[in-house]
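Student: I have a model open and would like to learn how to read its features. Could you walk me through them?

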Amino acid sequence: MERTKKAIIEAFQEILEETPINKITVKTIVERCEINRNTFYYYFDGIPELVEYHLTTMVNQLLDSFDQPDPATELERVVNYFKQRKMSVLHIYRYYPREQFLPALDKITTHIVERCMKQATEGVPIPEEDLDVLIRYYKGALVGGLLDWLESGMSYDMNAMVERLCKLMEGSTRNAIEKSQIKQ
């Protein structure tokens, strides 16, 4: 990535920690990076394109960092990543159109849930339609949990909640997989 584009993105991230998206202007960004407006527009058509690029970059950074064999550890990494960028994530969540925010969250959660299901079903033949139902169910629960956490302003310990939920739900996925094996 060119140095100037990187400077624009870094300035945007810094400003986003301080200011809601709807208050950020191109002028604020170019002043922070000490470039002119034309240079900004060489890289981005405007703030919406910059936000979209920023979201895509965040998702790709998260997915690239997933190297743990345990999907719960990956979820913890997502939560910690969000907490480290708390205000910018909340500003995106609160002020950016949901139809553009949700696909980013969906991409992350789909990856985690698919890995989780792959581990849970390893060596067990399960009909594709049952696997799809389980993936959709757990992904929906995970997205819902993350949205609830974001809606609360990240006010509770999401990692502790996930850890406790995993203990409470222990065996439920295996039970569903076993039920899938019963011929109907």
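Tutor: Gladly. Let's begin with a term: a salt bridge is a side-chain nitrogen of Lys or Arg within 4 Å of a carboxyl oxygen of Asp or Glu. Here D106 and K139 form one, with their closest N and O atoms 2.8 Å apart. This pair links distant parts of the chain, as D106 sits in helix α7 (residues 98–120) and K139 in helix α8 (residues 128–151), 33 residues apart.

Student: What should I know about the model and its numbering?

Tutor: This is a predicted model, in which local features need pLDDT of at least 70 and side-chain atom pairs count only at pLDDT 80 or more, while totals for chains, interfaces and linings use all residues. Residues are numbered from 1 along each chain as its sequence is written, and side-chain values use heavy atoms, with hydrogens and water left out.

Student: How are the helices assigned, and how many helices and strands does the protein chain have?

Tutor: Helices (H or I, at least four residues) and strands (E, at least two) are DSSP runs, numbered from the N terminus. The protein chain has 10 helices and zero strands. Its C-alpha trace spans about 65 × 30 × 25 Å along the principal axes.

Student: Are D106 and K139 buried or exposed?

Tutor: Buried means under 20% relative accessible area, exposed over 50%, and partly exposed in between (1.4 Å probe, protein chains only). D106 has a relative accessible area of 30%, so it is partly exposed. K139 counts as buried because its relative accessibility is 19%. In the protein chain, buried residues make up 41% of the 184 residues.

Student: How many salt bridges does the structure hold?

Tutor: It holds eight salt bridges. Among them, E31 and K27 meet at 3.9 Å, N to O. These two are four residues apart in helix α2 (residues 26–33), so about one helical turn separates them. Both E31 and K27 are exposed. Another salt bridge joins E163 and K167 at 3.5 Å, N to O. Both of these lie in helix α9 (residues 158–169), again four residues apart, about one turn of the helix. E163 is partly exposed, at 48% relative accessible area. Salt bridges that share partners also join E14, E18 and R32 into one network.

Student: At what angle do α7 and α8 pack?

Tutor: For this, axes are lines fitted to C-alpha atoms, for helices over the stretch in contact, and angles run from 0 to 180 degrees between N-to-C directions. Contact means heavy atoms within 4.5 Å. α7 and α8 pack at about 130°, with their axes 9 Å apart. Angles under 35 degrees count as roughly parallel, over 145 as roughly antiparallel, 65 to 115 as roughly perpendicular and the rest as oblique. α7 and α8 are therefore oblique to each other. Residues meeting here include F101, L105 and D106 in α7, and L134, Y138 and K139 in α8.

Student: Which residues have a positive phi near 60° without being glycine?

Tutor: E34 is one of them, with a phi of about 60°. E34 lies in the loop between α2 and α3 (37–43), and counts as exposed because its relative accessibility is 73%. M154 also has a positive phi, near 60°. M154 lies in the loop between α8 and α9, and its 8% relative accessibility means that M154 counts as buried.
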